[in-house]
Amino acid sequence: MVKAVVGEETRLQLAEDRLAQSAIPAQVGLVIGKLNSKLDRGFIFDLVPTPPNDAGDPPCSIIDPLKGAADKKKVSKPKSSVDSSSLSIDKEWVAEHARQVSRLLVGGVKVVGIYVWVGETSFKNSTLVLCQTVTGVADAAPLLENGSDEMLLLHISYSPRRWTCRNCSVSSNITSSSLRPCDFKLGKVLNSLQTFRCIYSFCMRLPFTHENMSKAKLMNDVLLDGISNHVKELKGAKAIVDGDLVDVITDGSCASGGVHEVEILFPFMKDTSSEASSQNNVVGILVFSGTVCSYSYLNSKEPISQAVADIKEDIIMSLRTRLDMITDEADRETATASENGSETYIKTSKMDSINQIIQQPLRKQCMLTFPRRVFIPWLAGTFVCDYLLPAESFEALSDHLFELLSMEAPEGASTFLQPENELPNLTAKPFWNVVAPSYQISGTAHIVSQSKKSQSDPKKSIAKNVNALVAGFILLIAIMLGSVFYARSFN
């Protein structure tokens, strides 16, 4: 359980000054940082306000039922009456904001809660809606590898002016005991972070069977299953940091500065594609391969193994995020085509069922390009990331970052890091190209069909049969001649 929280003083004081000058009665937003249940400590890096919803309405406002009743009766509210004002929060919109912001964060940096800018009385009258909002954020942006069932609720009060932090349990039923106070102070957090980087090459070979085809299983479902299975392999993989093997027993903190290089090591595994090709019920293999660049940030008091765990989680999150993006893009293009009355096949983004893709002629290649991950400078030498679809330019990054993180992206692409030079894509190739692949990392996912394997050329089959008959006839003549010569040798 997190008992103490340290916030980055430069960012939090800047947020407080911004809120005080805005003169707005209430605001809600996300808390960016990291929680460490083993250290019982939390670290806050920045506060990100939730933008207005699609209708332009603020996600948070103050309501006063007594004031509304008094206005209807045209009677002024007595001065001695109790202040019943409370917060009204668009919980679904805040949760959606958390989901999209979590895609922009790298390893070791998470959405760890929400903050509210509101008076003390309105805050006390809004315990239930605040807990519900925190729970919605936890569901939208879960702390996967952290294993924590708690998030932070940061209250910035302007009457009186003070900061308070509470720990909110999201696993149990929401009650008055769900909020527990924790120690909070401002300090230097960002300058003490250690940077870890990993260039991870992966190759997933996913066979699919007649059963999947009969169920019309979608391509993104197959990839999600493969990624979920890859999580187990990735968790058990060893890691080398700066040339040294990370041992859990002798695990310690990292005192040196600079960027620490991480390498993921897997044991030797069987070639599942070759095994799958010998199975009668397998109709094809999906080969999903490529390279992922991952960054992770570690507090000086955390062990190196935590950075490795954050790297592994970031790799999986990045793959899932890209798959979600191309699926969302496919849904948008399909909806647009339906509205326009067009039934044209969308080559670059449509996520068809396996049955539809496998049965199409192999000469018609199905190309699906995955988004590229781009890293953008953030705070004190750290990075956030975003993903570019093939048709998008760097200008789209600026609008996206300003909308979600309220940050101004650097001018020009020279400050962006683009370590993933090869764009992963999805393409259909003959079956034997997967059984005996060429030795090059192409960052692609290939859909291959075994149905063509059994459909041989009739002319070649006839030729093979004739050759077999001729060989058998020659062998029979040889045996007969041998028998004659053998019999004459005894005469």
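This is a predicted model: local features need pLDDT of at least 70, side-chain atom pairs count only at pLDDT 80 or more; totals for chains, interfaces and linings use all residues.
Local features need pLDDT of at least 70, side-chain atom pairs count only at pLDDT 80 or more, and totals for chains, interfaces and linings use all residues. Residues are numbered from 1 along each chain as its sequence is written, and side-chain values use heavy atoms, with hydrogens and water left out.

**View 1. D310 and K34 form a salt bridge.** The closest N and O atoms are 3.5 Å apart. A salt bridge here is a side-chain nitrogen of Lys or Arg within 4 Å of a carboxyl oxygen of Asp or Glu. D310 sits in helix α9 (residues 304-339) and K34 in strand β2 (residues 27-36), 276 residues apart. Helices (H or I, at least four residues) and strands (E, at least two) are DSSP runs, numbered from the N terminus. D310 is buried at 6% relative accessible area, and K34 is buried at 5%. Buried means under 20% relative accessible area, exposed over 50%, and partly exposed in between (1.4 Å probe, protein chains only). K34, E302 and D310 are linked in a network of salt bridges. The whole structure holds 12 salt bridges.

**View 2. D314 pairs with R373 in a salt bridge.** The N to O distance is 2.9 Å. D314 lies in helix α9 and R373 in strand β16 (residues 372-377), so the pair ties together parts 59 residues apart in sequence. Both D314 and R373 are buried.

**View 3. R322 and E420 form a salt bridge.** Their closest N and O atoms are 2.8 Å apart. R322 is in helix α9, while E420 is in the loop between α11 (394-405) and β18 (425-428), 98 residues apart. R322 is buried at 3% relative accessible area. E420 is buried at 4%.

**View 4. D386 is buried yet has no salt bridge.** D386 lies in strand β17 (residues 383-388). The nearest side chain of opposite charge, R103, is 7.8 Å away. Lys and Arg count as positive and Asp and Glu as negative; His and the chain ends are not counted. The side chains of D386 and H400 are joined by a polar contact of 2.8 Å. A polar contact is a pair of N or O atoms within 3.5 Å; within protein, one must be able to donate a hydrogen and the other to accept it, and residues adjacent in sequence count only if both atoms are side-chain atoms.

**View 5. The T135 side chain reaches the backbone oxygen of C131.** The distance is 2.9 Å. T135 is in helix α5 (residues 127-140). T135 counts as buried because its relative accessibility is 17%.
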